[in-house]
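Biologist: I would like to go through this model feature by feature. Please give the general idea each time, and then the case at hand.

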Amino acid sequence: MMFDPKLSRFGSVALAALLVTVSPAALMAETPADTLVIADAIDDIVSLDPGEAYEFSGLDVVNNTYDGLIELDPMKVGELVPGLAESWAVDEAGTTFTFKMKAGVTFSSGNPVTAEDAAFSLQRAVKLNKSPAFILNQFGWTAENVDQMVTAEGDTLTLKTDQAYAPTFLYNCLTSGVASIVDKATVMANEVDGDMGNAWLHNNSAGTGAYVLKSFKPNEGYLLEARSGYWRGDAKLKNVFMRHIPEAATQRLLLEKGDIDIARELTPTDIEGMAGNADVKVQQDVGGQVFYLSFNQKNEAYKNEKFLDAMRWAIDYQGMADTFLKGAMVVHQAYLPKGYLGALEDNPYSLDIEKAKALIAESGITSPKVVMDVRNSSDRMEMAQSIQNTFGQAGIEVELNIGEGAEQLKRYRARQHDATLQSWGPDYPDPHTNASAFSMNADNADDAQTGGLAWRNAYDPGPLHQMTADAVMERDGAKRAAMYAEIQQTHRTTSPFVLMFQIGYQTGMRAGVENFFTGGATDSAAYWAITK
C-alpha cells in the first residue's frame, strides 16, 4: 500500500522525506496544525492484525484503530469502562458471561457492529493461534471448542469458561489487543488461503477505533487518519504520523526544531539537555516493566530470611533513581506494577548499611559472597555497580558475571545462576500475569521446566502458591485486590526476589501538546484525545 496522497500540506517531497532516512535539516521546521508527528523506535512491529500484534509499537496502532468489549480508559487509570459492550453480567455458577452490545456503533467500513462480529473476533484469535492467543486460551477456549464457548444471538454475546474464574480476570483480559473486535465482513472479504484476513490486516485496519490505518512501511513509519463519527467523539487531530527514528539524539534535535511533536525514545541525558528550552516539555509516566534482583535458592544461603532482608536494606534505590537513572525508572518494591489491580504503592526499603550489617550478623552467615549475572548494557551495568558498592559497604562481596542478554537468559532459564539482575513485563493487563510468575511454583524439581520466575530461582513459595491460585478464582473484585496485596506483602519480605524499580517513560513533546497518554502499566498509547 502506498502512503495517502491527500496529505497535501506535506507535499510529495516532504512526505517522502518523512518516511525515509534523511538528514534532519531536510525536513520541515513545523508540523501541520491538524497532524501529530511522533518519533519512536517501531522496528518491533511484527503485525498490525489485532489477533497477532504482541509488541509495544504494534499494540499502539491496535489501540487506536480498534476497540474491545471492555476498555481501560486512559483518563481513568485502572478503571474498567464499557467499550463496544454497554453492559455485562455473569451467572451464579460463574462460568457464563453475557455482554449486551452497544447500539449504533459502526466499523470504519460503515458496517454496524454486532454480537456476531464480537464472537467472530474472539473465535478468530483463538483459531489463528498467534502469540497472544494464550491470553484467551486461559479460559479453556481451543480451536476445537471456541465456536461452542463463544456464541452470539441478537445483540448478546455469550462467553463460557471452563472454570469459575474471577470475573475481573476475564474482564481485564478482554481489554488486551487480542480481544479487539474486527469487522467480520471486511476481514473475510480479504481472506487468502484460509488465513481469515491475517495477511491483509498486516497493512490495513478493520475496526471501530478513532483512526484508520492508511499506510504502513516496516522500519519507516505509519499514517493514521481520523474517521468521523467515532463513538467516543471524533479525534481532535486529523492525522497521526509515526516516524521510525530510533536514535535519541536525532529525536531531540527534531523535537527542539519543531519538526516533530512527540519524541518517545529520549535518554536521561537528552532530557537533561533540553532543560531551559521553553518550546518543549517532558511528561513523566510509568510503564509495566519491573526490575528486580533474584537469588537462586539452590544456594542455601538464599533461604536465610535474615540474609535476604539484609540485602534489601543494602540497596540505594532512590540514589540510583535520582542519579544515573534520572527518571528512566521509579522506585517500586512489589511485583505488580502501579496501575494493576492489587498493586502496592508503598516502598518500605531504603539504603541502611548499619541495619544490613546487623541483619547479616543475625543471619549467622560469615564472609557472604554473591555472584551476580548482569546483562552487558549501560543501565544494567550502572545498577549492578551501585549494588556491588553498597553491598560491599554492608560486608557482602559481589562478583559481577557480565554477559550478553541471550546468554544470561539461557543460564537463568536453566537455573544455573547464583544471583541475577533482571526485568519482567506483564503479558496481559491482569494481576495474575505477574502473580503466577513470581509466586507460583507447583513443582520445584529441575526437570519440571515450568519456566516461571519462582521455579527459575528454585523458590518454593509454600502457601503463596495456593493463595495465588485462589486469587484468580475470587469473584469479588475488592476481595481479589486485597488478596494480591497480602500475597505481595509476604512475598517481598520472604522470597528470594528484591523488587527495585518500575520503568519510567519520559516523553518529550512540544509545549502545546496536551492529553497524550502512554498507556501507563498497560503500555498502549492513546492518540484520540491529543490536542496541540
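Biologist: Is Lys 326 buried or exposed, or partly exposed?

Modeller: Lys 326 is partly exposed, because its relative accessible area is 32%. Buried means under 20% relative accessible area, exposed means over 50%, and partly exposed lies in between, with a 1.4 Å probe and protein chains only. This is a predicted model, in which local features need pLDDT of at least 70 and side-chain atom pairs count only at pLDDT 80 or more, while totals for chains, interfaces and linings use all residues. Residues are numbered from 1 along each chain as its sequence is written, and side-chain values use heavy atoms, with hydrogens and water left out.

Biologist: Where is Lys 326 placed, and what is its phi?

Modeller: Most residues other than glycine have a negative phi. Lys 326 has a positive phi of about 45 degrees. The residue sits in the loop between helix H11 (317–322) and strand S13 (329–331). Helices (H or I, at least four residues) and strands (E, at least two) are DSSP runs, numbered from the N terminus. Ala 458 also has a positive phi, near 50 degrees, and is found in the loop between helix H16 (453–456) and helix H17 (463–471). Ala 458 counts as buried because its relative accessibility is 8%.

Biologist: How many salt bridges does the structure hold?

Modeller: A salt bridge is a side-chain nitrogen of Lys or Arg within 4 Å of a carboxyl oxygen of Asp or Glu. The structure holds 22 salt bridges. One of them joins the side chains of Glu 116 and Lys 184, at 2.8 Å from N to O. This pair links distant parts of the chain, with Glu 116 in helix H3 (residues 115–128) and Lys 184 in helix H7, 68 residues apart. Glu 116 is partly exposed at 45% relative accessible area, and Lys 184 is partly exposed at 29%.

Biologist: Which residue forms a salt bridge with Asp 373?

Modeller: Arg 411 does, with the closest N and O atoms 2.8 Å apart. Asp 373 lies in strand S14 (residues 369–375) and Arg 411 in helix H14 (residues 405–413), so the pair ties together parts that are 38 residues apart in sequence. Asp 373 is buried, with a relative accessible area of 1%, whereas Arg 411 is partly exposed at 23%.

Biologist: Are Asp 430 and Arg 480 buried or exposed?

Modeller: Both Asp 430 and Arg 480 are buried. Their side chains meet in a salt bridge of 2.8 Å, N to O. Asp 430 is in the loop between strand S16 (419–424) and helix H15 (432–439) and Arg 480 is in helix H18 (residues 477–494), so parts 50 residues apart in sequence are tied together. Asp 40, Asp 60 and Arg 264 are linked in a network of salt bridges.

Biologist: How many residues has the largest nonpolar core?

Modeller: In soluble globular proteins, nonpolar side chains tend to be buried together. A nonpolar core is a set of buried Ala, Val, Leu, Ile, Met, Phe, Trp, Tyr and Cys residues joined through side-chain atoms within 4.5 Å. The largest one here has 58 residues, and those with the most contacts inside it are Leu 69, Phe 99, Trp 141, Leu 157, Leu 159 and Phe 438. H3 gives the largest share of this core, six residues. Apart from it lies another core, of 40 residues, including Ile 315, Leu 325, Met 372 and Ala 419.

Biologist: What does Met 383 contact?

Modeller: Contact means heavy atoms within 4.5 Å. Leaving aside neighbours within four places in sequence, Met 383 is in contact with Phe 291, Met 320, Phe 324, Leu 325, Met 329, Leu 421, Met 500 and Phe 501. Met 383 belongs to helix H13 and is buried, with a relative accessible area of 0%.

Biologist: At what angle do helix H12 and helix H13 cross?

Modeller: Two packed helices are described by the angle between their axes and the distance between the axes. Axes are lines fitted to C-alpha atoms, for helices over the stretch in contact, and angles run from 0 to 180 degrees between N-to-C directions. The axes of H12 (residues 353–363) and H13 (residues 378–394) come within 8 Å and cross at roughly 60 degrees. That makes H12 oblique to H13; angles under 35 degrees count as roughly parallel, over 145 as roughly antiparallel, 65 to 115 as roughly perpendicular and the rest as oblique. Ile 353, Ala 356, Lys 357 and Ile 360 in H12 meet Thr 390, Gln 393 and Ala 394 in H13.
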